[in-house]
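Work through these exercises with the sequence and the structure side by side. Try each task before you read its solution.

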Amino acid sequence: MAMQISDSAMLATSGAKARARAAALENIRTEPAAVRIAIITLAVSFLTIFVVLPLVLVFAQAFSKGFMAYVTALAEPEALAAIKLTLLVAAISVTLNLVFGLVAAWAVAKFEFSGKTFLITLIDLPFSVSPVISGLVFVLLFGAQGYFGGWLRDHDIQILFAVPGIALATTFVTFPFVARALIPLMQEQGTQEEEAAISLGASGLRTFFRVTLPNIKWGLLYGVLLCNARAMGEFGAVSVVSGHIRGETNTMPLLVEILYDEYQFVAAFAIASLLAMLALITLVAKTILERRLDGGEDRDH
(Lines give C-alpha, C1' and ligand atoms only; values in the text may rest on other atoms or scores of the structure.)
Protein backbone atom coordinates (compact mmCIF):
# COMPACT_ATOMS: atom_id res chain seq x y z
CA MET A 1 0.00 0.00 0.00
CA ALA A 2 2.81 2.39 0.88
CA MET A 3 4.50 1.58 -2.43
CA GLN A 4 1.34 2.39 -4.37
CA ILE A 5 1.00 5.72 -2.54
CA SER A 6 4.66 6.48 -3.34
CA ASP A 7 4.17 5.64 -7.02
CA SER A 8 1.06 7.84 -7.17
CA ALA A 9 2.94 10.71 -5.57
CA MET A 10 5.78 10.33 -8.07
CA LEU A 11 3.34 10.30 -10.99
CA ALA A 12 1.58 13.38 -9.64
CA THR A 13 4.91 15.15 -9.17
CA SER A 14 6.10 14.27 -12.71
CA GLY A 15 2.75 15.39 -14.13
CA ALA A 16 2.99 18.70 -12.31
CA LYS A 17 6.52 19.20 -13.61
CA ALA A 18 5.40 18.45 -17.16
CA ARG A 19 2.55 20.95 -16.88
CA ALA A 20 4.92 23.54 -15.43
CA ARG A 21 7.36 23.02 -18.34
CA ALA A 22 4.53 23.33 -20.88
CA ALA A 23 3.30 26.51 -19.20
CA ALA A 24 6.84 27.94 -19.18
CA LEU A 25 7.30 27.17 -22.86
CA GLU A 26 3.92 28.72 -23.64
CA ASN A 27 4.94 31.87 -21.78
CA ILE A 28 8.20 32.01 -23.72
CA ARG A 29 6.43 31.66 -27.08
CA THR A 30 3.61 34.08 -26.32
CA GLU A 31 4.29 37.73 -27.03
CA PRO A 32 1.98 40.60 -26.12
CA ALA A 33 -0.90 41.12 -28.54
CA ALA A 34 0.48 44.47 -29.68
CA VAL A 35 3.83 42.91 -30.60
CA ARG A 36 2.15 40.09 -32.53
CA ILE A 37 -0.03 42.52 -34.45
CA ALA A 38 2.94 44.76 -35.26
CA ILE A 39 5.06 41.85 -36.54
CA ILE A 40 2.25 40.40 -38.66
CA THR A 41 1.40 43.83 -40.07
CA LEU A 42 5.03 44.48 -40.95
CA ALA A 43 5.38 41.11 -42.69
CA VAL A 44 2.14 41.49 -44.66
CA SER A 45 3.00 45.07 -45.63
CA PHE A 46 6.45 44.04 -46.84
CA LEU A 47 5.04 41.18 -48.94
CA THR A 48 2.31 43.42 -50.33
CA ILE A 49 4.73 46.16 -51.40
CA PHE A 50 7.52 43.99 -52.77
CA VAL A 51 5.64 40.92 -54.07
CA VAL A 52 1.90 41.40 -54.55
CA LEU A 53 1.90 44.98 -55.85
CA PRO A 54 4.54 44.37 -58.59
CA LEU A 55 2.58 41.31 -59.80
CA VAL A 56 -0.64 43.29 -59.92
CA LEU A 57 1.06 46.10 -61.84
CA VAL A 58 2.56 43.65 -64.36
CA PHE A 59 -0.85 42.21 -65.23
CA ALA A 60 -2.50 45.65 -65.17
CA GLN A 61 0.02 47.00 -67.67
CA ALA A 62 -0.20 43.87 -69.83
CA PHE A 63 -3.99 44.27 -70.20
CA SER A 64 -4.00 48.10 -70.20
CA LYS A 65 -5.02 48.25 -73.89
CA GLY A 66 -7.41 45.33 -73.82
CA PHE A 67 -7.31 41.58 -74.18
CA MET A 68 -6.85 41.63 -77.97
CA ALA A 69 -3.77 43.84 -77.70
CA TYR A 70 -2.41 41.38 -75.15
CA VAL A 71 -2.99 38.39 -77.42
CA THR A 72 -1.58 40.26 -80.43
CA ALA A 73 1.60 41.05 -78.51
CA LEU A 74 2.10 37.40 -77.60
CA ALA A 75 1.37 36.28 -81.17
CA GLU A 76 4.18 38.37 -82.68
CA PRO A 77 6.81 36.18 -84.40
CA GLU A 78 9.56 37.59 -82.18
CA ALA A 79 7.58 36.80 -79.03
CA LEU A 80 6.77 33.28 -80.22
CA ALA A 81 10.44 32.68 -81.03
CA ALA A 82 11.44 33.84 -77.53
CA ILE A 83 8.84 31.60 -75.90
CA LYS A 84 9.94 28.56 -77.95
CA LEU A 85 13.62 29.21 -77.21
CA THR A 86 12.91 29.61 -73.49
CA LEU A 87 10.99 26.33 -73.37
CA LEU A 88 13.71 24.54 -75.36
CA VAL A 89 16.55 25.80 -73.16
CA ALA A 90 14.58 24.99 -70.00
CA ALA A 91 13.94 21.44 -71.24
CA ILE A 92 17.64 20.91 -72.03
CA SER A 93 18.93 22.34 -68.76
CA VAL A 94 16.35 20.57 -66.59
CA THR A 95 17.10 17.22 -68.25
CA LEU A 96 20.86 17.63 -67.78
CA ASN A 97 20.45 18.79 -64.19
CA LEU A 98 18.06 15.94 -63.45
CA VAL A 99 20.72 13.42 -64.41
CA PHE A 100 23.52 15.34 -62.68
CA GLY A 101 21.46 15.93 -59.54
CA LEU A 102 20.61 12.25 -59.16
CA VAL A 103 24.21 11.17 -59.67
CA ALA A 104 25.67 13.83 -57.38
CA ALA A 105 23.11 13.23 -54.62
CA TRP A 106 23.67 9.47 -54.83
CA ALA A 107 27.44 9.91 -54.58
CA VAL A 108 27.26 12.34 -51.65
CA ALA A 109 24.55 10.52 -49.68
CA LYS A 110 25.46 6.88 -50.26
CA PHE A 111 29.28 6.81 -50.39
CA GLU A 112 32.23 8.03 -48.35
CA PHE A 113 35.22 9.23 -50.40
CA SER A 114 37.99 11.79 -50.28
CA GLY A 115 36.97 15.10 -51.81
CA LYS A 116 33.34 14.77 -50.77
CA THR A 117 33.31 18.19 -49.11
CA PHE A 118 34.94 19.70 -52.21
CA LEU A 119 32.23 18.17 -54.41
CA ILE A 120 29.50 19.71 -52.23
CA THR A 121 31.29 23.06 -52.47
CA LEU A 122 31.37 22.82 -56.27
CA ILE A 123 27.65 22.03 -56.32
CA ASP A 124 26.98 25.22 -54.37
CA LEU A 125 29.31 27.33 -56.54
CA PRO A 126 26.61 28.84 -58.81
CA PHE A 127 24.85 30.19 -55.71
CA SER A 128 27.87 32.35 -54.89
CA VAL A 129 29.02 33.32 -58.40
CA SER A 130 27.26 36.11 -60.28
CA PRO A 131 25.42 34.80 -63.37
CA VAL A 132 27.15 37.49 -65.42
CA ILE A 133 30.54 36.11 -64.35
CA SER A 134 29.50 32.60 -65.33
CA GLY A 135 28.46 33.90 -68.74
CA LEU A 136 31.85 35.60 -69.15
CA VAL A 137 33.56 32.29 -68.33
CA PHE A 138 31.83 30.70 -71.32
CA VAL A 139 32.89 33.64 -73.49
CA LEU A 140 36.51 33.09 -72.43
CA LEU A 141 36.19 29.39 -73.24
CA PHE A 142 34.17 29.40 -76.47
CA GLY A 143 34.49 32.95 -77.83
CA ALA A 144 36.39 33.84 -80.99
CA GLN A 145 39.47 34.68 -78.91
CA GLY A 146 38.73 32.07 -76.26
CA TYR A 147 40.55 28.91 -75.30
CA PHE A 148 38.53 26.67 -77.68
CA GLY A 149 37.57 29.46 -80.10
CA GLY A 150 40.04 28.59 -82.83
CA TRP A 151 39.20 24.88 -82.83
CA LEU A 152 35.45 25.59 -82.88
CA ARG A 153 35.88 28.03 -85.77
CA ASP A 154 37.94 25.53 -87.77
CA HIS A 155 35.27 22.86 -87.32
CA ASP A 156 32.39 25.27 -87.98
CA ILE A 157 30.83 24.74 -84.54
CA GLN A 158 28.83 27.59 -83.05
CA ILE A 159 28.53 27.69 -79.26
CA LEU A 160 28.19 31.35 -78.35
CA PHE A 161 25.33 33.42 -79.78
CA ALA A 162 23.42 30.19 -80.39
CA VAL A 163 21.27 27.67 -78.55
CA PRO A 164 24.22 25.57 -77.21
CA GLY A 165 25.77 28.56 -75.43
CA ILE A 166 22.44 29.63 -73.92
CA ALA A 167 21.77 26.05 -72.77
CA LEU A 168 25.25 25.75 -71.23
CA ALA A 169 24.94 29.02 -69.33
CA THR A 170 21.45 28.14 -68.09
CA THR A 171 22.56 24.66 -67.04
CA PHE A 172 25.45 26.10 -65.04
CA VAL A 173 23.37 28.55 -63.02
CA THR A 174 20.64 25.97 -62.32
CA PHE A 175 22.54 22.76 -61.59
CA PRO A 176 22.53 23.04 -57.76
CA PHE A 177 18.73 22.87 -57.44
CA VAL A 178 18.05 19.18 -58.05
CA ALA A 179 21.16 17.99 -56.20
CA ARG A 180 20.49 20.26 -53.22
CA ALA A 181 16.88 19.06 -52.98
CA LEU A 182 17.94 15.40 -52.97
CA ILE A 183 21.12 15.31 -50.87
CA PRO A 184 19.55 15.91 -47.41
CA LEU A 185 16.60 13.66 -48.26
CA MET A 186 18.81 10.75 -49.32
CA GLN A 187 21.16 11.26 -46.37
CA GLU A 188 18.23 11.06 -43.97
CA GLN A 189 16.93 7.86 -45.56
CA GLY A 190 20.30 6.11 -45.32
CA THR A 191 21.29 2.95 -47.21
CA GLN A 192 19.48 0.23 -45.26
CA GLU A 193 16.68 -0.33 -47.79
CA GLU A 194 19.06 -0.47 -50.75
CA GLU A 195 21.35 -2.89 -48.92
CA ALA A 196 18.39 -5.11 -48.05
CA ALA A 197 17.22 -5.15 -51.68
CA ILE A 198 20.68 -6.01 -52.97
CA SER A 199 21.10 -8.76 -50.35
CA LEU A 200 17.85 -10.29 -51.64
CA GLY A 201 19.30 -10.48 -55.14
CA ALA A 202 18.05 -7.26 -56.78
CA SER A 203 20.36 -5.63 -59.31
CA GLY A 204 21.60 -2.08 -58.82
CA LEU A 205 19.29 -0.72 -61.53
CA ARG A 206 16.27 -2.57 -60.16
CA THR A 207 17.09 -1.35 -56.65
CA PHE A 208 17.21 2.23 -57.89
CA PHE A 209 13.86 2.10 -59.69
CA ARG A 210 12.00 -0.01 -57.11
CA VAL A 211 13.46 1.28 -53.84
CA THR A 212 15.41 4.54 -54.15
CA LEU A 213 13.31 6.41 -56.72
CA PRO A 214 9.93 5.93 -54.96
CA ASN A 215 11.47 7.27 -51.75
CA ILE A 216 12.82 10.43 -53.36
CA LYS A 217 10.17 11.13 -56.01
CA TRP A 218 8.63 14.17 -54.28
CA GLY A 219 12.03 15.67 -53.49
CA LEU A 220 13.08 15.07 -57.08
CA LEU A 221 9.98 16.82 -58.42
CA TYR A 222 10.61 19.68 -55.99
CA GLY A 223 14.16 20.16 -57.31
CA VAL A 224 13.03 19.90 -60.94
CA LEU A 225 10.34 22.50 -60.29
CA LEU A 226 12.80 25.02 -58.85
CA CYS A 227 15.32 24.27 -61.59
CA ASN A 228 12.73 24.86 -64.32
CA ALA A 229 11.55 28.14 -62.78
CA ARG A 230 15.10 29.47 -62.56
CA ALA A 231 15.93 28.28 -66.09
CA MET A 232 12.98 30.12 -67.63
CA GLY A 233 13.69 33.30 -65.69
CA GLU A 234 17.50 33.41 -66.09
CA PHE A 235 18.76 36.73 -67.42
CA GLY A 236 22.39 37.57 -66.51
CA ALA A 237 24.32 34.57 -67.88
CA VAL A 238 22.06 34.24 -70.93
CA SER A 239 22.42 37.95 -71.71
CA VAL A 240 26.21 37.57 -71.95
CA VAL A 241 26.27 34.53 -74.25
CA SER A 242 23.17 35.09 -76.40
CA GLY A 243 24.30 37.99 -78.58
CA HIS A 244 20.73 39.41 -78.49
CA ILE A 245 19.95 38.28 -82.05
CA ARG A 246 16.30 39.18 -82.49
CA GLY A 247 14.07 36.27 -83.33
CA GLU A 248 16.90 33.78 -82.74
CA THR A 249 18.73 34.04 -79.41
CA ASN A 250 16.46 36.18 -77.26
CA THR A 251 14.75 34.34 -74.44
CA MET A 252 11.66 35.76 -72.74
CA PRO A 253 13.53 37.78 -70.06
CA LEU A 254 15.85 39.28 -72.70
CA LEU A 255 12.93 40.18 -74.95
CA VAL A 256 11.14 41.92 -72.06
CA GLU A 257 14.15 44.21 -71.62
CA ILE A 258 14.42 44.93 -75.35
CA LEU A 259 10.72 45.72 -75.76
CA TYR A 260 10.68 47.91 -72.67
CA ASP A 261 13.71 49.88 -73.89
CA GLU A 262 11.86 50.42 -77.18
CA TYR A 263 8.80 51.75 -75.29
CA GLN A 264 6.64 48.81 -76.39
CA PHE A 265 5.17 48.57 -72.91
CA VAL A 266 2.16 46.37 -73.64
CA ALA A 267 4.29 43.78 -75.42
CA ALA A 268 6.96 43.90 -72.73
CA PHE A 269 4.47 43.44 -69.90
CA ALA A 270 2.56 40.77 -71.83
CA ILE A 271 5.66 38.58 -71.94
CA ALA A 272 6.50 39.53 -68.36
CA SER A 273 3.02 38.36 -67.36
CA LEU A 274 3.83 34.90 -68.72
CA LEU A 275 6.89 34.80 -66.49
CA ALA A 276 4.77 36.03 -63.58
CA MET A 277 2.22 33.27 -64.20
CA LEU A 278 5.08 30.79 -64.21
CA ALA A 279 6.14 32.15 -60.81
CA LEU A 280 2.61 31.77 -59.41
CA ILE A 281 2.27 28.22 -60.76
CA THR A 282 5.69 27.40 -59.31
CA LEU A 283 4.60 28.77 -55.93
CA VAL A 284 1.45 26.63 -55.86
CA ALA A 285 3.30 23.50 -57.00
CA LYS A 286 6.09 24.18 -54.49
CA THR A 287 3.55 24.40 -51.65
CA ILE A 288 1.92 21.12 -52.70
CA LEU A 289 5.26 19.32 -52.94
CA GLU A 290 6.40 20.67 -49.57
CA ARG A 291 3.24 19.26 -48.00
CA ARG A 292 3.91 15.93 -49.69
CA LEU A 293 7.46 15.93 -48.35
CA ASP A 294 6.34 16.89 -44.84
CA GLY A 295 3.63 14.23 -44.95
CA GLY A 296 6.15 11.58 -45.97
CA GLU A 297 8.47 12.57 -43.12
CA ASP A 298 5.59 12.43 -40.62
CA ARG A 299 4.65 8.92 -41.77
CA ASP A 300 8.27 7.81 -41.45
CA HIS A 301 8.35 9.03 -37.85
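**Exercise 1. Decide whether aspartate 156 is buried or exposed, and say where it sits.**

Solution. Keep in mind that the model is predicted.
- Step 1: Take the relative accessible area of aspartate 156, which is 71%.
- Step 2: Compare with the cut-off: exposed means over 50%.
- Step 3: Aspartate 156 is therefore exposed, at 71%.
- Step 4: Check the backbone. Aspartate 156 is not a glycine, yet its phi is positive, about 55°.

**Exercise 2. Find where tyrosine 263 lies and what its phi is.**

Solution. 
- Step 1: Look between helix H13 (252-261) and helix H14 (265-300); the loop there holds tyrosine 263.
- Step 2: Read phi. For tyrosine 263 the value is positive, about 65°, although the residue is not a glycine.
- Step 3: Tyrosine 263 has a relative accessible area of 65%, so tyrosine 263 is exposed.

**Exercise 3. Describe the protein chain as a whole: how many helices and how many strands does it have?**

Solution. 
- Step 1: Count the elements. The protein chain has 14 helices and zero strands.
- Step 2: Write the order along the sequence: α-α-α-α-α-α-α-α-α-α-α-α-α-α.
- Step 3: Turn to burial. The protein chain has 301 residues, and 33% of them count as buried.
- Step 4: Look at contacts with a separation of 6 or more. Residues 24 or more positions apart account for 72% of these contacts in the protein chain.
- Step 5: Ask about confidence. The mean pLDDT of the protein chain is 84, and 87% of the residues reach 70 or more.

**Exercise 4. Work out how helix H4 and helix H8 cross.**

Solution. Two packed helices are described by the angle between their axes and the distance between the axes.
- Step 1: Locate the pair. H4 covers residues 77-110 and H8 covers residues 163-174.
- Step 2: Take both values. The axes come within 9 Å and cross at roughly 50°.
- Step 3: Name the arrangement. This angle makes H4 oblique to H8.
- Step 4: From H4 come Leu85, Leu88, Val89, Ile92, Ser93, Leu96 and Asn97; from H8 come Val163, Ile166, Ala167, Thr170, Thr171 and Thr174.
- Step 5: Sort the residues of this contact. Eight are nonpolar, five are polar and none is charged.

**Exercise 5. Say which residues threonine 171 contacts, leaving aside neighbours within four places in sequence.**

Solution. 
- Step 1: Find threonine 171 in helix H8.
- Step 2: Judge burial. The relative accessibility of threonine 171 is 13%, so threonine 171 counts as buried.
- Step 3: With those neighbours left aside, the contacts of threonine 171 are Ser93, Leu96 and Asn97.
- Step 4: Follow one of them, serine 93, into helix H4.
- Step 5: Serine 93 has 0% relative accessibility and therefore counts as buried.
- Step 6: Not counting residues up to four places away in sequence, serine 93 touches Thr170, Thr171, Thr174, Cys227 and Ala231.
- Step 7: Compare sequence with space. Threonine 171 and valine 89 are 82 residues apart in sequence, with 8.7 Å between their C-alpha atoms.

**Exercise 6. Decide whether glycine 165 is buried or exposed.**

Solution. 
- Step 1: Find glycine 165 in helix H8.
- Step 2: Its relative accessibility is 3%, so glycine 165 counts as buried.
- Step 3: Leaving aside neighbours within four places in sequence, glycine 165 is in contact with Ile159 and Val241.
- Step 4: Glycine 165 and valine 89 are 76 residues apart along the chain, and 9.9 Å separates their C-alpha atoms.

**Exercise 7. Work out how helix H5 and helix H9 cross.**

Solution. 
- Step 1: H5 spans residues 116-128 and H9 spans residues 176-189.
- Step 2: Their axes come within 9 Å and cross at roughly 130°.
- Step 3: H5 and H9 are therefore oblique to each other.
- Step 4: The crossing of H5 and H9 is left-handed.
- Step 5: Ile120, Ile123, Asp124, Pro126 and Phe127 in H5 meet Pro176, Phe177, Ala179, Arg180 and Ile183 in H9.
- Step 6: This contact of H5 with H9 has eight nonpolar, no polar and two charged residues.

Terms used
Residues numbered from 1 in each chain as written. Predicted model: local features only at pLDDT ≥ 70, side-chain atom pairs only at ≥ 80, totals over all residues. Heavy atoms only, no water. Axes fitted to C-alpha atoms, helices over the stretch in contact; angles between N-to-C directions. Helix = DSSP H or I, 4+ residues; strand = E, 2+ residues; numbered from the N terminus. Parallel < 35°, antiparallel > 145°, perpendicular 65-115°, else oblique. Contact = heavy atoms within 4.5 Å. Nonpolar A, V, L, I, M, F, W, Y, C, P; charged D, E, K, R; others polar. pLDDT = per-residue confidence, 0-100. Buried < 20%, exposed > 50% of the residue type's maximum accessible area, 1.4 Å probe, protein only. Left-handed = near helix turned anticlockwise from the far one by under 90°.
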